[in-house]
Amino acid sequence: MKLIIAVIKPSRLDAVLDAVTGAGASGLTVTEVRGYGRQRGKTEVYRGAEYEVKLLPKVKLEIAVPSDIVEAVIEAITLSANTNKIGDGKIFVLDLERTLRIRTGEENDAAIAG
Ligand SMILES: Nc1ncnc2c1ncn2[C@@H]1O[C@H](COP(=O)(O)OP(=O)(O)OP(=O)(O)O)[C@@H](O)[C@H]1O
Ligand SMILES: [Mg+2]
């Protein structure tokens, strides 16, 4: 299992949700965050206005996935989040040691299967 963390542009959220669901992700967590990459937020435009501050609004997705759909979910995010402009975001992939579905006690792949 992997935990895929993606930081994307807020304007791409709906498209990314559709894409990762299509790729087989059974659940996810979304958080509104702020951040910057290598431009330190300086030259990015958000909703038409260049931001004075360095921290730009982003959306963070956390998606726990069984190993067999990791690549499909990564590809789905990459394609759907891409506007071909700076600030499109990053994907981090972490090994996931254990998952439990609280209601049933199911673990690991059974706990994150759709
Ligand atoms: N090294 C990092 N560690 C943690 N979060 C990061 C890192 N780099 C980027 N992020 C997060 O991802 C968001 C988007 O980053 P961004 O796409 O600007 O990366 P970049 O490396 O500057 O690429 P680009 O040149 O395409 O802008 C940032 O606002 C920040 O929230
Ligand atoms: Mg950047």
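Is Ser80 buried or exposed, and at what relative accessibility? Ser80 counts as buried, because its relative accessibility is 10%, and the cut-off for buried is under 20%. I will come back to that residue. Please keep in mind that what we are looking at is a predicted model.

Let me start with the overall layout. The chain has three helices and six strands. If you read along the sequence, the order is β-α-β-β-β-β-α-β-α. The C-alpha atoms fill a box of roughly 50 × 20 × 20 Å along the principal axes. There are 114 residues in the chain, and 30% of them count as buried. The accessible surface is about 7,300 Å², with 50% of it belonging to carbon and sulfur atoms. As for contacts with a separation of 6 or more, 71% come from residues 24 or more positions apart.

Now the inside. The largest nonpolar core contains 19 residues, and Ile4, Ile8, Leu61, Ile63, Val73 and Ile77 have the most contacts within it. At least two residues of this core come from each of strand E1 (2-8), helix H1 (13-22), strand E5 (56-65) and helix H2 (70-81). H2 gives the largest share, six residues. Take Leu61 as an example: beyond its sequence neighbours up to four places away, Leu61 touches residues including Ile4, Ile5, Ala6, Ile8, Leu13, Val16 and Leu17. Leu28, Thr29 and Val30 are also among the residues that Leu61 touches.

Back to Ser80, which is found in helix H2. A polar atom of the Ser80 side chain lies 2.7 Å from the backbone oxygen of Ala76. Leaving out residues up to four places away in sequence, Ser80 touches Arg12, Ala15, Val16 and Ala19.

What about a lysine? Lys9 sits in the loop between E1 and H1. Lys9 counts as buried because its relative accessibility is 13%. The side chains of Lys9 and Thr83 are joined by a polar contact of 3.3 Å. With residues up to four places away set aside, Lys9 touches Lys58, Thr83, Lys85, Ile86, Gly87 and Asp88.

Glu106 is in the loop between strand E6 (89-95) and helix H3 (109-112). Its relative accessibility is 31%, so Glu106 counts as partly exposed. The Glu106 side chain makes a polar contact of 2.6 Å with the side chain of Thr104. Again not counting residues up to four places away, Glu106 touches Thr99, Leu100, Arg101 and Ala111.

That leaves the ligand. How many residues surround ligand 1, and which are the closest? There are 14, and the closest are Gly35, Arg38, Gly87, Gly89 and Lys90.

In the case of Gln39, a polar side-chain atom lies 2.9 Å from an oxygen atom of ligand 1. In the case of Lys90, an N or O atom in the side chain is 2.8 Å from an oxygen atom of ligand 1. Taken alone, ligand 1 exposes 610 Å², and the protein buries 72% of that.

Technical notes: Residues are numbered from 1 along each chain as its sequence is written. Chains are lettered from A and ligands numbered from 1 in the order in which they are written. This is a predicted model: local features need pLDDT of at least 70, side-chain atom pairs count only at pLDDT 80 or more; totals for chains, interfaces and linings use all residues. Side-chain values use heavy atoms; hydrogens and water are left out. A nonpolar core is a set of buried Ala, Val, Leu, Ile, Met, Phe, Trp, Tyr and Cys residues joined through side-chain atoms within 4.5 Å. Buried means under 20% relative accessible area, exposed over 50%, partly exposed in between (1.4 Å probe, protein chains only). Helices (H or I, at least four residues) and strands (E, at least two) are DSSP runs, numbered from the N terminus. Contact means heavy atoms within 4.5 Å. A residue is near a molecule or strand if one of its heavy atoms lies within 4 Å of it. A polar contact is a pair of N or O atoms within 3.5 Å; within protein, one must be able to donate a hydrogen and the other to accept it, and residues adjacent in sequence count only if both atoms are side-chain atoms. Accessible areas come from the Shrake-Rupley method with a 1.4 Å probe; for residues, only the protein chains shown count as cover.
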